[in-house]
Amino acid sequence: MAAASEICVRARDVIRKFDDKKVLHDISLDVAKGGIFGLLGPSGSGKTTFVKLIAGIDEATSGQIEVLGTPMPKLAMMVRIGYMAQSDALYAELTAKENLEFFGALFGLRGSRLKQRMHEVMALVNLTDHMERSVGAYSGGMKRRLSLAIALLHEPEVLILDEPTVGIDPVLRKSIWDELQSLSRQGTTILVTTHVMDEADKCDRLGMLRDGRLIASGSPEELKSRTGSATIEEAFLYYGGARA
Ligand SMILES: Nc1ncnc2c1ncn2[C@@H]1O[C@H](COP(=O)(O)OP(=O)(O)OP(=O)(O)O)[C@@H](O)[C@H]1O
């Protein structure tokens with residue numbers, strides 16, 4: 001097991017119930033610092049519920065979650081975590097620039113630093129030309145890209161992305177993955193949920209979720225070789241996953 005200082009996210013016996021319905025069952029998992037960790041599972045398997053607990057937006061019914069050694073939820077951790085939700089949390093009546101300024105201020109960015117970061121993240125998601133446009137006039141894919149830009153704005157140590165590339169075309173999808181890999185090489189820990197198998201293959205480590213249970217975890221290569229599978233999809237099916 002890795003030393004505590006090497007662990008970014010530590011989950012122990014995490015249960016989340018909604019009324020009487022148990023959505024997460026005793027999840028224990030370590031996410032090491034600095035890599036890309038993919039949470040893979042079909043729709044309804046509990047990915048969003050789990051990452052919301054890690055981001056500190058929701059609280060576990062029982063069990064513990066620590067991020068960088070701090071028990072979650074904890075408001076002060078907001079500046080160290082970037083979270084991109086599955087549904088975009090943007091102000092439709094404001095322009096992209098105004099949205100970035102609003103969230104930037106929330107994260108404690110201001111002045112020339114904020115301006116510089118706004119331009120960097122908008123270039124990254126290919127929205128530079130749409131800075132002054134009202135977000136209400138953005139397409140679904142553009143809103144996803146702006147949400148990603150906002151999550152990256154304050155250069156968080158931990159980046160939590162819930163299905164970041166849904167509705168994004170293959171060319172931009174590749175450039176976003178290239179950037180995620182570059183950020184992870186620079187030390188950012190990235191936690192990404194996906195049900196897309198070729199994205200799962202790009203992660204350093206994977207956790208496979210099914211029906212709120214962690215059915216397997218390891219590197220894509222380990223998961224494939226342990227199950228004698230040629231693909232992640234085959235490995236997932238071996239562990240008892242429904243088609244993701
Ligand atoms: N607030 C809630 N109240 C009741 N049930 C909920 C709530 N939030 C999530 N659930 C249930 O928890 C289960 C897991 O949902 P969750 O959104 O975490 O899955 P997911 O793997 O992220 O799926 P998707 O990829 O479709 O978003 C589902 O059965 C869902 O209906």
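User: How many helices and strands does the protein have?

Analyst: This is a predicted model. The protein has eight helices and 10 strands. A run counts as a helix from at least four residues, and as a strand from at least two.

User: What makes the radius of gyration of the protein agree with a compact globule?

Analyst: Set the value against the rule. The rule is 2.2 Å times the number of residues to the power 0.38. For 244 residues that puts a compact globule near 18 Å. The protein has 18 Å, so the two agree. Along its principal axes, the C-alpha trace spans about 50 × 35 × 35 Å.

User: What share of the residues is buried?

Analyst: Buried residues make up 38% of the 244. To count, a residue needs 20 or more other C-beta atoms within 10 Å of its own.

User: What share of the contacts joins residues at least 24 apart?

Analyst: Take the contacts between residues at least 6 apart in sequence. Of these, 67% join residues at least 24 apart.

User: Why are E6 and E10 called edge strands?

Analyst: Start with the sheet. Six strands form an open sheet, in the order E6-E7-E8-E3-E9-E10, with mixed pairing. Strand E6 (81-84) and strand E10 (213-218) each pair on one side only, and they are the edge strands. Neighbouring strands here are turned by 15° against each other on average, direction ignored.

User: How do you know that E9 and E10 pair?

Analyst: Pairing takes at least two bridges. Five bridges join strand E9 (residues 205-210) to E10, so the two strands pair. They run antiparallel. One of the links goes from Leu-206 to its bridge partner Gly-218 in E10.

User: Which strands make up the antiparallel sheet?

Analyst: Four strands form this open sheet, in the order E2-E1-E4-E5. Its edges are strand E2 (21-32) and strand E5 (70-71). Strand E1 (residues 7-18) and E2 share eight bridges. Val-9 has Val-31 in E2 as its bridge partner.

User: Which helix gives the largest share of the shell around the ligand?

Analyst: Helix H1 (residues 47-55) does, with three residues. The residues around the ligand include Lys-47, Thr-48 and Thr-49, along with Phe-18, Val-23 and His-195.

User: What makes the shell nine parts polar, by class?

Analyst: The shell has two nonpolar, nine polar and one charged residues. Gly counts as polar, so Gly-41, Gly-44 and Gly-46 go into that class. Lys counts as charged, so Lys-47 goes there.

Technical notes
Residues are numbered from 1 along each chain as its sequence is written. This is a predicted model: local features need pLDDT of at least 70, side-chain atom pairs count only at pLDDT 80 or more; totals for chains, interfaces and linings use all residues. A residue is near a molecule or strand if its C-beta atom, placed from the backbone, lies within 6 Å of it. A residue is buried if 20 or more other C-beta atoms lie within 10 Å of its own, exposed if 12 or fewer, and partly exposed in between; C-beta atoms are placed from the backbone. Two residues are in contact if their C-beta atoms, placed from the backbone, lie within 7 Å. Axes are lines fitted to C-alpha atoms, for helices over the stretch in contact, and angles run from 0 to 180 degrees between N-to-C directions.
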